[in-house]
Amino acid sequence: MVGELTALLSPGRVVTAGPELRIALSDGTANQGIEGSADLLALPETTEQVAAVLGWCYSHDVPVITRGGGTGLAAGAVPHGGVVLSTERLGAVRSIEPGLWRMEAEAGVRTATVHRVALENGLFFPPDPGASEQSTLGGNIATNAGGPHTFKYGVTRAWVTGLEAVIAPGEIMRLGGTVRKDVSGLDLRDLLIGSEGTLGIVTAAWLKLVPAPESRAAVVGFFETASAGCEAIAAVMGSGIRATTLEFLDRGALEASLGSFPFERPERPGFAVISEADGHPDEVSRVAGELEEALSPGSSDRPLRLTGQAETRELWSWRDRVSPAVAARRGGKISEDVVVPLERFREAVEGTLAIGERVGLEACSWGHAGDGNLHSTFLVDLADPEQMERGRAAAEQLFSMAIELGGSISGEHGIGTLKIDRVTDALDANAVRLQAEVKRAFDPKLLLNPGKKVPLPG
Ligand SMILES: Cc1cc2nc3c(=O)[nH]c(=O)nc-3n(C[C@H](O)[C@H](O)[C@H](O)COP(=O)(O)OP(=O)(O)OC[C@H]3O[C@@H](n4cnc5c(N)ncnc54)[C@H](O)[C@@H]3O)c2cc1C
């Protein structure tokens, strides 16, 4: 296996031992102690080499687990035997056309690089999942990633006009491209987006971009209670204010992260709402004023207004560190990403705390309030198996609560292996059946990221 795969790739691109392989055995769930095993790590440099590796694996019945930046939070990139195919060397931005607002980039390009290249050309790629210096475009497409700014701009799917992918048994397929609209045929591109490496391997994508907003301002409201904060969120939406983001942090998330808050700290922090406006400076100033007005009633401190790119960048860089700051409280956390209808949002925030109390673990939540998407979190000591057990029980209760509230078990991170047992609870029985059939149509030998995302009968 090693010899034959080495012959298909460049020298040194098949790794069978050492730290590089070790890293490829876990992902963003490593802080829950999750690690897998693999026969080897393959590092193809071209789409043709990806096709050759998949072709070899398919003809020898070897599973293929595609890996991007390894920041996923559903154990989707964790292998359980077989070949880990890393897209790390597929790192080219193939084209950027500022006048046409578009870019073609390979799957291994870091999300932050996509943002940077777009910005250098006066353009903006809105999806902004939290670990963007490490995550890849291919991983973002495979998880249909979101982030704070998707409240106004939509998730990754909205920005992909075409895909180049390798499908079983080792063929290169192109779907869509530079055209901005295309309804010829069933939308296989949309099926691949969010499929977590279970239907094919994304090797490149054509992206639609928008002109970068000239100006930004953030307004942060602080509240003593979750219910006052949730009322303010409803007030922003009810007033029809076109905010770019509508994020929240509850008391526990604030306690963990306010220590490094780069601005004046609130006196009685129980709940925070982070909203933002972008666009022409006049428009930004008007919307920021409206946000301040909507976030003032019931607030414990005067809303904080941050203007300009530098200040808002500092705010978001702090916000990106909330997740590790929460994990640092006890050394580990079990953090989920349930989604509920907006009118049930307060119940989900309070329900998270109630579940924590029931299982005897400290709990908190933060996330994308405007999308009804919560990172509900239970703090655990990773070395304590009994606490881990309670943490997992809390996650199960959380999924049930989200479904009862009319929501779903994952708004962002995907299913991976962690939530696969709950998919049948979350989806219509016909949808589950059709998904299994789609999986078999793309991957008849069930070798692409097996055991993930799509529950199969038996
Ligand atoms: C601190 C932190 C904050 C985060 N914040 C957010 C957030 O705000 N929003 C959000 O949506 N997510 C968030 N995430 C989760 C994660 O960053 C995203 O899911 C991201 O899109 C994963 O990209 P990756 O390149 O790291 O993929 P990986 O972790 O390597 O893989 C994820 C899944 O995609 C598959 N995959 C990867 N590349 C390909 C490819 N080229 N073709 C086919 N399948 C592929 C893998 O098999 C796996 O199933 C966060 C993670 C961390 C650690």
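User: Before we start, what counts as exposed, and what as buried?
Analyst: A residue is exposed when its relative accessible area is over 50%, buried when that area is under 20%, and partly exposed in between. This is a predicted model.

User: Ok, glycine 99 then. Buried or exposed?
Analyst: Glycine 99 has 68% relative accessibility, so it counts as exposed.

User: And where does glycine 99 lie?
Analyst: Glycine 99 lies in the loop between strand S5 (93-97) and strand S6 (102-106).

User: How far apart in space are glycine 99 and proline 266?
Analyst: Their C-alpha atoms are 44 Å apart, and in sequence the two residues are separated by 167 residues.

User: New topic, salt bridges. How many does the structure hold?
Analyst: There are 33 salt bridges in the structure. One of them joins the side chains of arginine 216 and glutamate 276, with the closest N and O atoms 3.0 Å apart.

User: Which parts does that pair tie together?
Analyst: Arginine 216 is in strand S12 (residues 215-223) and glutamate 276 is in strand S14 (residues 271-279), so the pair ties together parts 60 residues apart in sequence.

User: Are those two buried or exposed?
Analyst: Arginine 216 is buried, because its relative accessible area is 12%. Glutamate 276 is at 0% relative accessibility, so it counts as buried too.

User: What about arginine 157 and aspartate 190?
Analyst: Their side chains meet in a salt bridge, at 3.3 Å from N to O. Arginine 157 sits in the loop between helix H6 (150-153) and strand S8 (160-167), while aspartate 190 belongs to helix H7 (residues 188-192), so this pair ties together parts 33 residues apart in sequence. Arginine 157 is partly exposed, with a relative accessible area of 30%, and aspartate 190 is partly exposed at 27% relative accessibility.

User: Which residues are linked in a network of salt bridges?
Analyst: Arg94, Glu104, Glu106, Glu164 and Arg174 are linked that way.

User: Switching to helices. At what angle do H13 and H14 pack?
Analyst: Helix H13 (residues 345-359) and helix H14 (residues 385-404) pack at about 150 degrees, and their axes are 10 Å apart. Angles over 145 degrees count as roughly antiparallel, so H13 is roughly antiparallel to H14.

User: Which residues of H14 does H13 meet?
Analyst: Arg390, Ala394, Gln397, Leu398 and Met401 in H14 are met by residues of H13, among them Glu347, Ile355 and Val359.

User: Which salt bridge does arginine 390 form?
Analyst: The side chain of arginine 390 meets that of glutamate 386 in a salt bridge, 2.9 Å from N to O. Both lie in helix H14, 4 residues apart, about one turn of the helix.

Note on methods:
Residues numbered from 1 in each chain as written. Predicted model: local features only at pLDDT ≥ 70, side-chain atom pairs only at ≥ 80, totals over all residues. Heavy atoms only, no water. Axes fitted to C-alpha atoms, helices over the stretch in contact; angles between N-to-C directions. Helix = DSSP H or I, 4+ residues; strand = E, 2+ residues; numbered from the N terminus. Parallel < 35°, antiparallel > 145°, perpendicular 65-115°, else oblique. Contact = heavy atoms within 4.5 Å. Buried < 20%, exposed > 50% of the residue type's maximum accessible area, 1.4 Å probe, protein only. Salt bridge = Lys/Arg side-chain N within 4 Å of Asp/Glu carboxyl O.
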